[in-house]
Amino acid sequence: MADDDSILVLNVGSSSFKFAVFSAAARPTRAALKCSGECTGVGHHAHICARDGDGESLADEDLAADADHKTVLAWLLAFLERRDATLNISAAVHRIVHGGTRFTAPARVTPEVIDELTRLIPMAPLHQPAALTAIASLAQRHPQMPQVVCFDTAFHRTQSATATAFALPRHLTQDGIRRFGFHGISYEYIAGVLPEVIGATASGRVVVAHLGSGASLCALRGGRSIATTMSFTPLDGLPMSRRCGSLDPGVVLYLMQHKGMTAEQISKLLNEESGMMGVSTISDDMQVLLCSKDPRAAEAVDLFVYRIGLELGAMAAALHGLDALVFTGGIGEHAASIRRRVCEDAAWLGVALDAGSNEAGATCITHPGGSASAWIIPTDEDLMMVRHAWDTLHTDIGSR
C-alpha cells in the first residue's frame, strides 16, 4: 500500500452503521485513526455522528427518516470526499457475525466467499444481511477496491469438540449444528492486550465479560477461547438489550403449537422484543433502566446481573477456577453499579471489590488480597479489524 492509502472499517448491524478510517501507511495503531462515527436508527429516524481521530465532532445530523444502509454508505463516502479530497480509501474491512465452520481467519471477499456468507444468513438474520448489503454496495461503487471480512466466530475455533457440541443426533452435528460463539473480534483484542495490562495473570484463567447491547462471556486460558456463552446463534447466553438469551427450546415449541406463532413471529419476538426491553417494557438502554424508579426496570437489571453470575460460574467451571475477570463493552466499561453487583456476587470466586476504584473507573477494581482480580479494559474492534485487513492484504501482495 502507498503512504497515502487508508482503510475503511465498517461494522454494520440491522439498524446501525459504525465506521472508522485508518491510515494504512504502516500496520495501523490507534494513532493512525483518521475519523470514526456511527449511524443509529437505520431504516427509521437515522442519525449520524462523525469524529476526528482526537474525538472532535465532524458531523452530527439527521438523515432521511427512511435512510437504509445503502443511503448511509453513500453519505459516508461523500462526507469523506468532502472532508479530504486527497483521501484515498484503498481497501475496506467488514465485521461479519457468523463465519460458520469454514471461516476461521479473515478472508478477502470473492464471489465464493459471498455465496458462503449468504448461506449463513439464517444463523445471524439480523446482522448478516446488513453486512452483505454494505459489501455489495461498496463493490458496486468501487469494483476494484479489495474488501476483507473478519468473523466474530473465528476466535472461538480453539474450543474443544466437547465444548462446541450439542447433545443432538450426530448427523446434525456433522451438518454444522454446533456451538460457535460470537464477539470474537472483541475477545481477540482483549486477549492481545491482556499481558501488558494484567501481567503474568494473562496466561491463567481469565473470564472476559463483553457487556453491551449484545452481551456474552468468554473463558480464556493462555489467551485462547475455552468456552463462551453464545452458541449456534447470537441469541444464546445472557439476556441482552432485545435478545432473550438462553431459553428452553420447549418454549419455542409451545409458542408454535399452542400460540399459533409462525417462525418469523418467533424470530422477531426473541431477537427484537425480548431481553431488557421485553422484561422492563420501558427501554433496552441499560443507562435508562439504571436511572428509572420503575420496579420493572429494576427487575430487568436484576435478571441481567443474576444471569451474568450464573454464566460466570459456568465459565469458571470450564477453567477449573478464576484468576481474573475483565469487563469490556459499553455496559462493562461504563456501568459501575453493574460491575459492583457482578463482583459482589463473585466473591465466592475470590473477587474482592475495591468500591472506590470501581466507582472511579480504574483499570484494576479489586483489592490485592483477593485470589481473583477484576479489571476494566476498553475493547477496540475497529483496530483489530483494520490490522487483520492490513495483514491480509500484505500477505496477498507478498505471495504474488
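What volume does the second largest pocket have? The second largest pocket has a volume of about 730 Å³. The model is predicted, local features need pLDDT of at least 70, side-chain atom pairs count only at pLDDT 80 or more, and totals for chains, interfaces and linings use all residues. Residues are numbered from 1 along each chain as its sequence is written, and side-chain values use heavy atoms, with hydrogens and water left out.

**View 1. Centre of the second largest pocket.** A pocket is an open set of points on a 1 Å grid over the protein atoms alone, where a 1.4 Å probe fits, with protein on both sides within 12 Å along at least five of seven lines. Lining residues have an atom within 4 Å of a point. There are 27 of them here, and Phe232, Thr233, Leu235, Val252 and Leu270 are the closest to the centre.

**View 2. Lining of the second largest pocket.** Helices α7 (249–257) and α8 (263–272) each supply at least two lining residues; helices are DSSP runs (H or I, at least four residues). The largest share, five residues, comes from α8. The lining divides into 18 nonpolar, seven polar and two charged residues.

**View 3. Crossing of α11 and α13.** The axes (lines fitted to C-alpha atoms over the stretch in contact) of α11 (residues 295–319) and α13 (residues 336–345) come within 9 Å and cross at roughly 45 degrees. The crossing is right-handed.

**View 4. Contact of α11 with α13.** Val301, Asp302, Phe304, Val305 and Ile308 in α11 meet Ile338, Arg341, Val342 and Asp345 in α13, with contact meaning heavy atoms within 4.5 Å. These residues divide into six nonpolar, no polar and three charged.

Technical notes. Axes fitted to C-alpha atoms, helices over the stretch in contact; angles between N-to-C directions. Left-handed = near helix turned anticlockwise from the far one by under 90°. Nonpolar A, V, L, I, M, F, W, Y, C, P; charged D, E, K, R; others polar. Points joined across faces, edges and corners; volume = space filled by probe spheres on them.
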